[in-house]
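Here's a quick briefing to read alongside the structure.

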Amino acid sequence: MTTDLHPKPNEDQRLKGFSTDEAVFGSTLAQISSQEGGALVPRFIRVVTELIEARGLDTDGIYRVSGNLSSIQKIRCSVDQDKYALVVNEEDVHVLSGSLKLFFRELAESAFPPSSTKAFLQAVKLSGKARLNKFDELIKQLPNENRETLKYLFKHLYRVASHSAQNRMQVHNLAIVFGPTLFSADEPKPVKKGDKKEKGKSKADEDK
C-alpha cells in the first residue's frame with residue numbers, strides 16, 4: 001500500500017464521489033498504468049476479480065443483479081485513495097461485481113478505444129475464420145494496457161460463464177451486460193475534476 005499523496009476528502013466529498021488527481025475511477029487505462037508503475041492491468045481489476053472468483057462464481061445473477069449503490073460508491077472512493085480494505089472485506093459479491101462494472105463505465109476512454117469501434121463492427125459482419133483472424137488483428141493493434149486488461153477481463157468472464165449452471169450467466173448474458181461499457185461511439189473527452197463527481201454520480205445511478 002502506498003502512502004497517500006493528497007489530502008483526504010471529507011465525508012461529504014467521499015459520498016459524492018470525490019476523486020483525486022491520481023484517481024482510478026474516471027481515468028484512462030494509460031493513466032492508471034502510469035500511476036501504477038507500468039502495470040498493464042489495473043490493480044483494482046486484479047483484486048476485485050480474484051475476490052469474486054474466490055467467493056462468488058456460483059452467485060445467482062452475478063453481474064446482472066445490481067449491488068448496493070452506497071457500498072459501491074464507498075469502494076470507488078476508497079480505491080481512488082489507494083485503499084483496498086473495503087474491497088477485501090466486502091462480502092456482497094454483487095457489490096464487488098457492481099464496482100467492476102462501474103470502473104469500466106467510468107473510464108474516460110472506453111476499453112475498446114472509440115477509434116476502433118467501426119473496425120470491430122465491420123469485423124462482426126465477417127464469418128468463420130475470416131472474422132476470427134480480423135478480431136485477432138484488431139486486438140493486436142490496441143494499446144498494450146487496453147489489450148492486456150481486456151484479455152484479463154475476458155478470462156475472468158469465461159470463468160464466470162463456466163459456472164452458468166449455478167449463476168445463470170452464460171456468455172451471451174455477460175456480453176449484454178459488458179458490451180455497452182467496453183465500447184463507445186464517442187470520442188474521449190478530457191478528464192476534469194468538476195466533471196468526475198457528476199460523472200460518477202450519474203453513471204453509478206444507472207446500476208440501480
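**The chain and one of its helices**

H3 has cover from several other helices: what lies over its buried residues includes helix H4 (69-80), helix H5 (85-89), helix H6 (93-106) and helix H9 (144-161). Keep in mind that this is a predicted model.

**The whole chain**
- You're looking at 12 helices and zero strands.
- Of the 208 residues in the chain, 42% are buried.
- Take the contacts with a separation of 6 or more: 77% of them link residues 24 or more positions apart.
- The accessible surface is about 11100 Å², and carbon and sulfur atoms account for 53% of that.

**Helix H3 by itself**
- H3 covers residues 43-55, and its 13 residues should span 18 Å at 1.5 Å a residue; the end C-alpha atoms are 18 Å apart, so the two agree.
- Its buried residues are Phe44, Ile45, Val47, Val48, Thr49, Leu51 and Ile52.
- As background, an α-helix has 3.6 residues a turn, so residues three or four places apart point the same way.

**H3 against H9**
- The axes of H3 and H9 come within 11 Å and cross at roughly 10°.
- That angle is under 35 degrees, so H3 counts as roughly parallel to H9.
- On the H3 side, the contact is made by Ile45, Arg46, Thr49, Glu50, Ile52 and Glu53.
- H9 brings Thr149, Tyr152, His156 and Arg159 to the contact.
- Sorted by class, this contact of H3 with H9 has three nonpolar, three polar and four charged residues.
- Ile45, Thr49 and Ile52 of H3 are buried, and they take part in the contact with H9.

Notes. Residues are numbered from 1 along each chain as its sequence is written. This is a predicted model: local features need pLDDT of at least 70, side-chain atom pairs count only at pLDDT 80 or more; totals for chains, interfaces and linings use all residues. Side-chain values use heavy atoms; hydrogens and water are left out. Helices (H or I, at least four residues) and strands (E, at least two) are DSSP runs, numbered from the N terminus. The expected span of a helix is 1.5 Å times one less than its number of residues. Buried means under 20% relative accessible area, exposed over 50%, partly exposed in between (1.4 Å probe, protein chains only). Contact means heavy atoms within 4.5 Å. Axes are lines fitted to C-alpha atoms, for helices over the stretch in contact, and angles run from 0 to 180 degrees between N-to-C directions. Angles under 35 degrees count as roughly parallel, over 145 as roughly antiparallel, 65 to 115 as roughly perpendicular and the rest as oblique. Ala, Val, Leu, Ile, Met, Phe, Trp, Tyr, Cys and Pro count as nonpolar, Asp, Glu, Lys and Arg as charged, and the others, Gly among them, as polar. Accessible areas come from the Shrake-Rupley method with a 1.4 Å probe; for residues, only the protein chains shown count as cover.
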